[in-house]
Amino acid sequence: MNLVPEKNSDFSTTEYWDSFFTKRKTTFEWYGNYDNLKRLLTKYISAKDIILMSGCGNSDLSLNLYSDGFINMTSVDNSEVVIANMNNKHKTKYPGLVYEVEDILNTKYADERFSAVIDKGTLDALMPDGEVESLTRAMKMFNEIKRILKFGGRYICVSLLQYHIAQFIFSYFSENGWIIRVCQCTEVEDSPDFNGQPVFMVVCTKVNKIPGANPVLEWNPDGLTNERLDSINDLLEIVIDTQKSVSMCFDLTKCQMEDMSNNYRFEINCSQTKKPRYTIMIVESPTEKNPNKMTFAAFIVPHGREHEWLFSSEEGQDILRRNCNVDRLAIISMHRGQIYKDLKQVQQELSRLMLKIAPQGVIKRGETILFLSLEQQLGERKIIMENKSEHSGNFVIEEVVGQNNETFRRLVFLNMPHIIQSETKLLTENDKIKIDYSHFLSDYIPYLGLGVGIIANQLDKVPKILLIGLGGGILTNLLLNAYENATILALEIDPIVYEIAKKAFGLIENSRLEVEICDGLEYLCNAVKNNEKYDVVIYDVDVKDPTLGLSGPPKAFLKQDVLNNVKSLIGEDGLFLLNFVCRASDVKNEILNVLKNNFKQLTSLKIPEDINRVLLARNSDKTFDADLLEQTAAYMNNCTKSNPLIACDVIDISALKENIEDI
């Protein structure tokens, strides 16, 4: 029995519905049954209301309401077939149930006859598209509802709220000064026969239009909380986002994500601030894809530790999933600037969402969602400074408690909130906070220092270093502490970053360090003109646009004329060192080819558990072989161990050979 029309416009014809109800005599519920809608619907009607049920079809909604005491109700439909069927079905047992053939576009009822008009799918049927014919029908229906509805009465529309429908209903009733509230019918989404399309209840209350007043637009996501919105566009945006979110959760439940390999990431905004509150990373087993067999858990990352390799890298996330012994793991990160009371509150906030994204077998088996965390700790994050840089935008300096209750101070630019620009560990001695100069966020910093050590280990050398990119000064501090005879000119384009390095990250300032606030590209050009020479030129400068797949150095620093300047500055015996961070393989290969074409020797040191690479380049034929690097590492470790501010090895010599990459 085929009940699907040949085209959407058939939904608006009496002939289609007569045929539909002739073929299908059993109850058919569009957009959920009474149990799905009762909580919301009965909030907006009372037993004393005179109710018109528009486009009633053969739904049991009228019967259910009547049985619950809503007896002043007239149910209408323009299909004579369905009205005859409903009268025959209920006239004996429920003589008070009134079913009438009526065209909701032009009824016989008196002005202001009803205190509520309920529309469950009628508008969607009359308005299958945004064409003029559909808009005309909808306009007639709305005009009729406005005529027959009492002042203070409500038009309650249950709809999928496709964009053309949402835009029209919001515009029409806001222009007439009515109060508009949109509710999400979450119980429909919880029903076993949910098809992935969220259902909304639009409640339009008839009031007198106040000239010059802004329309009253409200969003009600849970039946309890009303959020006042400023414009129709804001309301439309929320509806669209909700539709996308619900559809995504449905696809996750069914394991039907088309663009998902083994992971999927999305954010949950705070309802009050509209800013991200949680980031959810879904990590899946590459083997088990049956939604009825998959196991599931949620892991809450301690506040401030989302940058750690285990939680931020694909490899680490999959290890975490396997350690949790589940096929799908939701890794939950919390955002700076948001307040979280405790772990229990976070679990309560997310429990419904976790049910929505769990594989369907978890729900069918009646399993409780398992929330996991490290030592059941929420974690600590304290922002100690917020400001804005002309060059890098808004930034924060925050202190985070990590493993073993160690405190880390971090610089994060908010246009790239998942990347730590600089980090130091804090020590407490005699109730005073001190910088731990032996701590490095990544091994790329000691590896850049290793490159400098190749020059510093030569007896007759007093290394003269040009560092482009001061940042928090962590690398500068290492070089000054490790090599007592080294002199450094550090270039930094952002004066605020220089102040941060001094005030927050313990930048060592002495006669061997000079900091110049300038554009590194301009300095390179002028330095060549002035015939300056350096033993080492270091690029440790980042890319401000996170969408390029390249985090550093910027491509502008790798243009031919700029590289010619670098080669001129280091001459035959100097070194060129780069902190190279690139996620895009095509960009990576392009840059490596450019460097290979410019330098006779090019070697890469990979950083375990990181995407950073340290590139070592020189103009001569002298190779960066394993023996040279291991000897230099031993020399560097001796230097750092003898310095009281570090007093330890900074290079793991046993792993060094494995990290040398062929290019």
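A cavity is a set of grid points where a 1.4 Å probe fits but cannot get out, and its lining residues have an atom within 4 Å of a point. In this predicted model, a search of the whole structure finds two cavities of 30 Å³ or more. The largest cavity has a volume of about 70 Å³, and its lining consists of Thr279, Glu306, Ser333, Met334, His335, Arg336, Pro417 and His418.

Strand E11 (276-284) is mostly covered, with eight of its nine residues buried. E11 pairs with E13 in the antiparallel sense, over seven bridges, and within this pairing tyrosine 278 stands opposite methionine 334 of E13. Methionine 334 also belongs to the lining of the largest cavity. On strand E13 (residues 328-334) there is a further pairing, this time parallel, in which five bridges join E13 to E12. Here alanine 297 has leucine 329 of E13 as its bridge partner. Strand E12 is also paired with strand E14 (residues 371-373), again in the parallel sense, over three bridges; isoleucine 300 finds its partner in serine 373 of E14.

How many of the five residues of strand E12 (residues 296-300) are buried? Five of the five are, so E12 is largely enclosed by the rest of the structure. In a regular strand the side chains alternate between the two faces of the sheet. In E12, Phe296, Ala298 and Ile300 point one way, while Ala297 and Phe299 point the other way, and all are buried.

Turning to open spaces, the second largest pocket has a volume of about 2000 Å³. It is lined by 47 residues, of which Gln184, Ser245, Ile268, Arg352 and Leu353 are the closest to its centre. Both helices and strands give two or more residues to this lining: helices H8 (186-190), H9 (232-254), H12 (343-357) and H13 (360-364), together with strands E9 (227-229), E10 (263-269) and E11 (276-284). The largest share comes from H9, which gives 13 residues.

The nonpolar interior comes next. In soluble globular proteins, nonpolar side chains tend to be buried together. The largest nonpolar core in this model has 57 residues, and Tyr483 and Ile538 touch the most other members. Helix H14 (residues 444-456) gives the most to this core, with nine residues. Apart from it lies another core, of 39 residues, among them Phe114, Ile145, Phe200 and Trp219. With its neighbours within four places in sequence left aside, isoleucine 538 is in contact with Leu448, Val452, Ile465, Leu466, Leu467, Ile468, Leu475, Leu479 and Leu577.

Beyond its neighbours within four places in sequence, leucine 628 is in contact with Ile454 and Thr623. Tyrosine 444 is 184 residues away from leucine 628 along the chain, and their C-alpha atoms are separated by 18 Å.

Some backbone details also deserve a look. Most residues other than glycine have a negative phi, and most peptide bonds are trans. Asparagine 531 has a positive phi, near 60°, and sits in the loop between helix H17 (520-529) and strand E23 (536-539). Is asparagine 531 buried or exposed? At 58% relative accessibility, asparagine 531 counts as exposed. Alanine 647 likewise has a positive phi, of about 55°; this residue is placed in the loop between H20 and helix H21 (653-656). With a relative accessible area of 47%, alanine 647 is partly exposed. A cis peptide bond, with omega about -5°, joins glycine 552 and proline 553. Proline 553 lies in the loop between strand E24 (550-552) and helix H18 (560-570).

Finally, an annotation can be set beside the model. An unreviewed UniProt entry places the feature "domain: Methyltransferase" at residues 52-158. In the model, this span is 37% helix and 27% strand, and its end C-alpha atoms lie 14 Å apart.

Definitions and conventions: Residues are numbered from 1 along each chain as its sequence is written. This is a predicted model: local features need pLDDT of at least 70, side-chain atom pairs count only at pLDDT 80 or more; totals for chains, interfaces and linings use all residues. Side-chain values use heavy atoms; hydrogens and water are left out. A nonpolar core is a set of buried Ala, Val, Leu, Ile, Met, Phe, Trp, Tyr and Cys residues joined through side-chain atoms within 4.5 Å. Buried means under 20% relative accessible area, exposed over 50%, partly exposed in between (1.4 Å probe, protein chains only). Helices (H or I, at least four residues) and strands (E, at least two) are DSSP runs, numbered from the N terminus. Contact means heavy atoms within 4.5 Å. UniProt positions are given in the numbering used here, feature names are shortened, and annotations may be inferred rather than shown by experiment. Two strands pair if DSSP finds at least two bridges between them. On a 1 Å grid over the protein atoms alone, a cavity is a set of points where a 1.4 Å probe fits but cannot get out, and a pocket is an open set with protein on both sides within 12 Å along at least five of seven lines; lining residues have an atom within 4 Å of a point. Grid points are joined across faces, edges and corners, and a volume is the space filled by probe spheres set on the points.
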